[in-house]
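Please work through the following exercises with the sequence and the model side by side, trying each task before reading its solution.

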Amino acid sequence: MKYAMIPGTDMSVSKVCLGTMTFGSPVPEAEAIRLIHYALDTHGINFVDTANMYEGYNRYAGSSGGVAEEILGKAVAGQRDRFVLATKVGMKVGAAPEDENTSPEAIRVQLRRSLKRMNTDYVDLYYLHRFDPNTDPHLIARAIGEELKAGTIRAWGVSNYTAEQLKALLAAAKEENVIAPAMCQPALSMVNTGALEDMLPLCAAEGIGVIPYQILQGGMLTGKYRRNQAAPAGSRLAEKPEWMKPFTDEVYNVIEYCADQAAQQGITMTQYALRWALEQPGVISALVGVKREAQIEEAAMAVL
């Protein structure tokens, strides 16, 4: 496994980051724990990404989440220092005001709930999961600064922000004398390249690391979907179609291009798509969601 440093920190993370969005359902707890251990012990994948909202396919807007964090807490028990753990705050996980967005109270309450579920005193990387239109960025930066000083988080980042929203947060952090976000997690794949236009250049200019998600676009770039063919059993499209991007002719053109390039290089489509993501400016790790051991194996082999 190859590694990279999270900017501004002493944390070295694997170039493949293990995603946990499917943990709980369809991946049951015992299997999820086994996959986390397999990823680290067999392939050196020490970077694990979760969120306070993750509970697999059982998730719905406002459901309480926490399932993936609890699983992760059990998986790292007794070996916490071997992992770099990232979690997130901001999505709706209940009916109370502090159960949504990133107000100072939401950050305070949700972080402590995450720490309890993960059975740890600190989070290595804490993301604002989405832009909060109701809270002044200065208040957000100040709240994050307090957690950094307390040692409950070691670094922070953003996900699902626009470049303009991130600029405002960076300015607020500077004015509040708070260490800038270390990482940005945008959606990015061969069929969704919007982040290349402004977000990645901004991150490069500000020294912010990038860890894209949806690099396989829900399995679109793995080879399992073909033009004019039904979705295979067990695929994301078959199990959770509402989580999938529409299969347009343009999308199929990209899928076929990926297949052709992968074949020319003698690698799988998954490996080609992952390498493509890692080659983009500022990308230090690629987030890969898994349900099976073979998926970890394939991703790890892509970065050898």
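The model is predicted, so local features need pLDDT of at least 70 and side-chain atom pairs count only at pLDDT 80 or more, whereas totals for chains, interfaces and linings use all residues. Residues are numbered from 1 along each chain as its sequence is written, and side-chain values use heavy atoms, with hydrogens and water left out.

**Exercise 1.** Determine how many salt bridges a search of the whole structure finds, and describe the one between Glu-69 and Arg-117.

Solution. The criterion is a side-chain nitrogen of Lys or Arg within 4 Å of a carboxyl oxygen of Asp or Glu, and a search of the whole structure with it finds 19 salt bridges. In the bridge between Glu-69 and Arg-117, the N to O distance is 2.7 Å. This pair links distant parts of the chain, since Glu-69 belongs to helix α2 (residues 67-76) and Arg-117 to helix α3 (residues 104-118), 48 residues apart; helices (H or I, at least four residues) and strands (E, at least two) are DSSP runs, numbered from the N terminus. Glu-69 is buried, with a relative accessible area of 0%, where buried means under 20% relative accessible area, exposed over 50% and partly exposed in between (1.4 Å probe, protein chains only).

**Exercise 2.** Locate Asn-52 and identify its side-chain polar contact with Gln-110.

Solution. Asn-52 is found in the loop between β4 (47-49) and α2, and its relative accessible area of 1% makes it buried. Its side chain is joined to that of Gln-110 by a polar contact of 3.3 Å (a pair of N or O atoms within 3.5 Å; within protein, one must be able to donate a hydrogen and the other to accept it, and residues adjacent in sequence count only if both atoms are side-chain atoms). Residues up to four places away in sequence being left out, Asn-52 touches a set of residues (heavy atoms within 4.5 Å) that includes Glu-69, Gln-110 and Arg-117.

**Exercise 3.** Which residues have the most contacts inside the largest nonpolar core?

Solution. A nonpolar core is a set of buried Ala, Val, Leu, Ile, Met, Phe, Trp, Tyr and Cys residues joined through side-chain atoms within 4.5 Å. The largest has 88 residues, and those with the most contacts inside it are Leu-128, Trp-156, Leu-166 and Leu-274. A second, separate core has 17 residues, among them Ala-4, Val-13, Ala-86 and Met-183.

**Exercise 4.** Classify the ring pair of Phe-131 and Tyr-161.

Solution. Rings of Phe, Tyr and Trp (its six-membered ring) pair if their centres lie within 6.5 Å, with planes under 30 degrees apart counted as stacked, over 60 as edge-to-face and the rest as tilted. A search of the whole structure finds 3 aromatic pairs. For Phe-131 and Tyr-161 the centres are 5.8 Å apart and the planes stand at 90°, so the pair is edge-to-face. Phe-131 is partly exposed at 33% relative accessibility, whereas Tyr-161 is buried at 10%.
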